[in-house]
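Here's a quick briefing for anyone meeting this structure for the first time. Have a look at the sequence and the model, then read on.

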Amino acid sequence: MFKTNKKKFLTIAALLFFLIILNMAAVITKPGEYRVIKQFGKIVRVDTVDSNPYGLGWKIPFIQSETVISKQLILSDLAASDVMTSDKKSMISDCFVLWRIEDPVKFIQKLSGSQQNAESRISSNVYNALKNVISSLTQEEVISGRDGELAELLTEKLGSNLETYGIKIAKIETKMLDLPDENKEAVYNRMVSERGNIAASYKAKGEQEAQKIKNNTDEKTTIILAQAQKTADTTIAEGEAEYMRILSEAYNDESKADFYRFVRQLDAMKATLKKQGNTIVLDKDSPIAELFYQSEEN
């Protein structure tokens with residue numbers, strides 16, 4: 001009985017030991033992480049879900065160890081810092097960085113696999129890149145480009161610097177890129193003054209163009225009026241000439257001349273009688289007087 005129980009105990013103990021060893025040897029890799037296998041402190045391999053689709057690998061117990069490194073995107077909020085523009089104006093920069101680990105081997109070798117060490121290195125590189133970029137720009141260029149252009153320049157400049165640490169910068173964004181409080185009012189007043197000068201310049205150019213258009217319009221109007229007056233004068237002259245021609249023909253024809261003289265006398269008398277109180281004295285032998293006598297006889 002004792003021997004049977006002892007045999008069962010040894011079997012169970014051996015099974016438990018085997019399970020413990022199996023558990024220690026198993027390497028289970030999850031999505032979004034690297035499993036770095038080391039042997040006596042030296043990296044022998046890196047397991048990922050891509051390299052091991054089933055997520056299961058093995059290591060030698062007691063000889064090999066594993067370290068987990070995240071593949072996820074990491075957000076690091078950097079401390080605000082002072083930077084100087086090319087026109088010697090101080091500005092305050094506050095940035096955050098989105099980054100990930102692309103090469104876990106370099107990350108462990110260069111930064112001991114520490115996220116804190118990585119953030120310290122990123123902060124230092126971002127500050128140096130920010131200082132170099134902003135020092136090549138004027139304050140006005142920095143303010144006008146803070147909506148995206150500056151971040152693109154920083155991301156491009158930092159890319160190669162951090163690859164040596166196995167780090168990939170996904171994006172750099174500036175939460176704040178502003179003036180120190182003591183400089184804001186003076187700078188804003190200067191910018192308002194500059195914009196006022198630009199607006200005045202545009203207004204002056206507009207008024208100048210308007211005056212040119214007015215002058216051109218006045219010149220064209222004068223020419224049109226002059227041409228119209230010339231045409232009218234020509235028409236009047238032609239009408240008067242035609243009138244004189246007809247009158248001349250009438251007077252040259254004796255049979256018509258008496259009639260036209262008579263009609264003209266009637267027109268003259270008519271014009272005189274239009275004025276109230278006027279009196280016309282006619283000779284008895286006048287052709288006009290004869291008309292009145294004839295009307296009495298009738």
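Of the 298 residues in the protein, buried ones make up 24%. Keep in mind that this is a predicted model. Eight helices and nine strands make up its list of elements. If you take the contacts with a separation of 6 or more, 62% of them are between residues 24 or more positions apart.

**A three-strand sheet**

- Let's start with an open sheet: it has three strands, in the order E3-E2-E5, with antiparallel pairing.
- Why is one side of E3 and of E5 left without a neighbour in the sheet? Strand E3 (42-47) and strand E5 (64-70) stand at the edges with a single partner strand each, so one side of each has no neighbour there.
- On average, neighbouring strands of this sheet are turned by 30 degrees against each other, direction ignored.
- Strand E2 covers residues 33-39, and five bridges pair it with E3 in the antiparallel sense.
- To see one spot in the pairing, find lysine 38, which stands opposite isoleucine 43 in E3.

**The loop between E2 and E3**

- Phenylalanine 40 sits in the loop between E2 and E3, and glycine 41 is found in the loop between E2 and E3 too.
- Is phenylalanine 40 buried or exposed? Its relative accessible area is 68%, so phenylalanine 40 is exposed.
- The backbone has something to show here as well: phenylalanine 40 has a positive phi of about 55 degrees, although it is not a glycine.
- Glycine 41 has 63% relative accessibility, so it counts as exposed, given that the cut-off is over 50%.
- Glycine 41 and glutamine 64 are 23 residues apart along the chain, and their C-alpha atoms are separated by 8.4 Å.

**Another strand pair: E6 and E8**

- Strand E6 (residues 74-77) has two faces to look at: Ile74 and Ser76 are on the covered one, while Leu75 and Asp77 are on the uncovered one.
- E6 and E8 run antiparallel, and four bridges join them.
- Aspartate 77 has a bridge partner in E8, namely phenylalanine 96.

**The largest nonpolar core**

- The largest nonpolar core has 33 residues, and the ones touching the most other members are Val97, Trp99, Phe107, Leu150 and Ile167.
- Which elements give two or more residues to this core? They are E2, strand E8 (90-101), helix H2 (104-111), helix H3 (115-135), helix H4 (139-144), helix H5 (149-163) and strand E9 (167-178).
- The top contributor is H3, which gives seven residues to this core.
- Leaving out residues up to four places away in sequence, isoleucine 167 touches Trp99, Arg100, Phe107, Leu111, Ala118, Ile122 and Leu162.

- Leucine 150 counts as buried because its relative accessibility is 3%, and buried means under 20%.
- Glutamate 152, by contrast, counts as exposed because its relative accessibility is 58%.
- From leucine 150 to isoleucine 172 is 22 residues along the chain, with 9.2 Å between the C-alpha atoms.
- From glutamate 152 to isoleucine 172 is 20 residues along the chain, and here the C-alpha atoms are separated by 7.7 Å.

**The loop between H2 and H3**

- Serine 112 lies in the loop between H2 and H3.
- Serine 112 has a positive phi of about 60 degrees, although it is not a glycine.
- With a relative accessibility of 61%, serine 112 counts as exposed.

**Aromatic rings**

- How many aromatic pairs does a search of the whole structure find? The search comes back with zero aromatic pairs.
- There is a charge to spot over a ring, though: lysine 71 lies over the face of tyrosine 34, at 5.4 Å from the ring centre.

Conventions:
Residues are numbered from 1 along each chain as its sequence is written. This is a predicted model: local features need pLDDT of at least 70, side-chain atom pairs count only at pLDDT 80 or more; totals for chains, interfaces and linings use all residues. Side-chain values use heavy atoms; hydrogens and water are left out. Two strands pair if DSSP finds at least two bridges between them. Axes are lines fitted to C-alpha atoms, for helices over the stretch in contact, and angles run from 0 to 180 degrees between N-to-C directions. Rings of Phe, Tyr and Trp (its six-membered ring) pair if their centres lie within 6.5 Å; planes under 30 degrees apart count as stacked, over 60 as edge-to-face and the rest as tilted. A charge sits over a ring if NZ of Lys or CZ of Arg is within 6 Å of the ring centre and within 35 degrees of the ring normal. A nonpolar core is a set of buried Ala, Val, Leu, Ile, Met, Phe, Trp, Tyr and Cys residues joined through side-chain atoms within 4.5 Å. Buried means under 20% relative accessible area, exposed over 50%, partly exposed in between (1.4 Å probe, protein chains only). Contact means heavy atoms within 4.5 Å.
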